[in-house]
Amino acid sequence: MKVYSLTGKSGTGKSFQAISLCSEKGIESIIDDGLFIYHDRVEAGISAKRQKTMVGAIKTALFTDDEHAESVKRRIRKLKPDTLLIIGTSDRMTDKISARLELPPVSERIYIEDITTEEERNLADKQRHGQGKHVIPVPTLQLKRDFAGYFLDPMRIFKERSVTGKSGAGEKTVVRPTFSYMGEFFISDTVLTDIAVCVGEETKGVTDVINVYENTAPDNLMLKVSISIDRMCRIWDVAEEFQRKLTEVIETMTAFNVVRLDVEIKAVV
């Protein structure tokens, strides 16, 4: 296995640039902030961005927890990538990660200053320290379950056409970590009811949303919604359509991960 490293100060855009760099050099996998990413999929690890403190985030990024490190080592051994990129704030950090995960020594070191302009690094710094945004180099869908309840913003970056004439695209996700100094957010108890009522009004055949029973744990949201339906409609089809629409709207508007949404037909009118 050939191991690369990408280093630079915090907030200089390393994770943002990682997918383009991997595409250019044919690198199959990434170690970034406690995660093992292989072919745009999170295969193992715990994201440092989920930790509640900066110290906890640093420990996670360095794989100081034995169980965390072992789970990543097992997955790497199983997938056997030919190439791997370690992202860190210094050569010392990437070397520590390499040793902790029992990887070969870094054979090629890349620095963020070599692949970005000063303007790009300043913009990345503004997004990190001014807006509390962090980038994870995988598609949003891959992170939805792990980061339920967090603000996720998919960023699709289209590269210029290559020499072969084919265009490539790599999706990155912006997340605001728990330890961000931007503060916390909460969602009012009435929000889900209001959303359900609005979706009901826009779903043909639903005449009323009667009750919404909810468990608002962000990573395990379960809902039971009672509705009434027009008797002239196909009852089952209307209920399924309402269920699908409501799930999509809740996940889009609140960042909750809906694991179950039951629809009870309380009345046919």
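Author: What follows starts with the ground rules, then goes to the sheet, its helices and its core, and ends with the rest of the chain.

This is a predicted model, in which local features need pLDDT of at least 70, side-chain atom pairs count only at pLDDT 80 or more, and totals for chains, interfaces and linings use all residues. Residues are numbered from 1 along each chain as its sequence is written, and side-chain values use heavy atoms, with hydrogens and water left out.

Strands (E, at least two residues) and helices (H or I, at least four) are DSSP runs, numbered from the N terminus. Two strands pair if DSSP finds at least two bridges between them.

Strand 1 (residues 2–7) and strand 6 run parallel and are joined by 4 bridges. L6 has I110 as its bridge partner in strand 6. I110 is buried, with a relative accessible area of 6%. Buried means under 20% relative accessible area, exposed over 50%, and partly exposed in between (1.4 Å probe, protein chains only). Not counting residues up to four places away in sequence, I110 touches Y4, S5, L6, T7, L21, K25 and I115. A contact means heavy atoms within 4.5 Å. I110 and L85 are 25 residues apart in sequence; their C-alpha atoms are 9.7 Å apart in space.

Next, helix 1. The 12 residues of helix 1 (residues 14–25) should span 16 Å at 1.5 Å a residue. The expected span is 1.5 Å times one less than the number of residues. The end C-alpha atoms are 15 Å apart, which agrees. Buried residues of helix 1 are K14, S15, Q17, A18, I19, S20, L21 and C22. After helix 1 comes G26, with a positive phi near 70 degrees.

The side chain of S15 makes a polar contact with the side chain of D32, at 2.8 Å. A polar contact is a pair of N or O atoms within 3.5 Å; within protein, one must be able to donate a hydrogen and the other to accept it, and residues adjacent in sequence count only if both atoms are side-chain atoms. D32 sits in strand 2 (residues 29–32). Its relative accessibility is 4%, so D32 counts as buried.

Then the core. The largest nonpolar core has 20 residues. Such a core is a set of buried Ala, Val, Leu, Ile, Met, Phe, Trp, Tyr and Cys residues joined through side-chain atoms within 4.5 Å. I31, F36, V72, L84, I97 and L101 have the most contacts inside it. Strand 3 (35–38), helix 2 (54–61), helix 3 (66–79), strand 5 (83–88) and helix 4 (91–100) each supply at least two residues. Helix 3 gives the most, with 3 residues. Apart from this core lies another, of 19 residues, including A196, I229, A239 and V258.

Helix 2 holds A57. A57 is buried, at 6% relative accessible area. From A57 to G34 is 23 residues in sequence and 8.6 Å in space, C-alpha to C-alpha.

Elsewhere, look at strand 11 (residues 221–229). Of its 9 residues, 7 are buried, so strand 11 is largely enclosed by the rest of the structure. Strand 10 (residues 206–215) pairs with strand 11 in the antiparallel sense over 8 bridges. Strand 12 (residues 258–268) runs parallel to strand 11, joined by 9 bridges. There, K224 stands opposite D262 in strand 12.

Last, the whole protein chain. It has 9 helices and 12 strands. Of its 269 residues, 43% count as buried.
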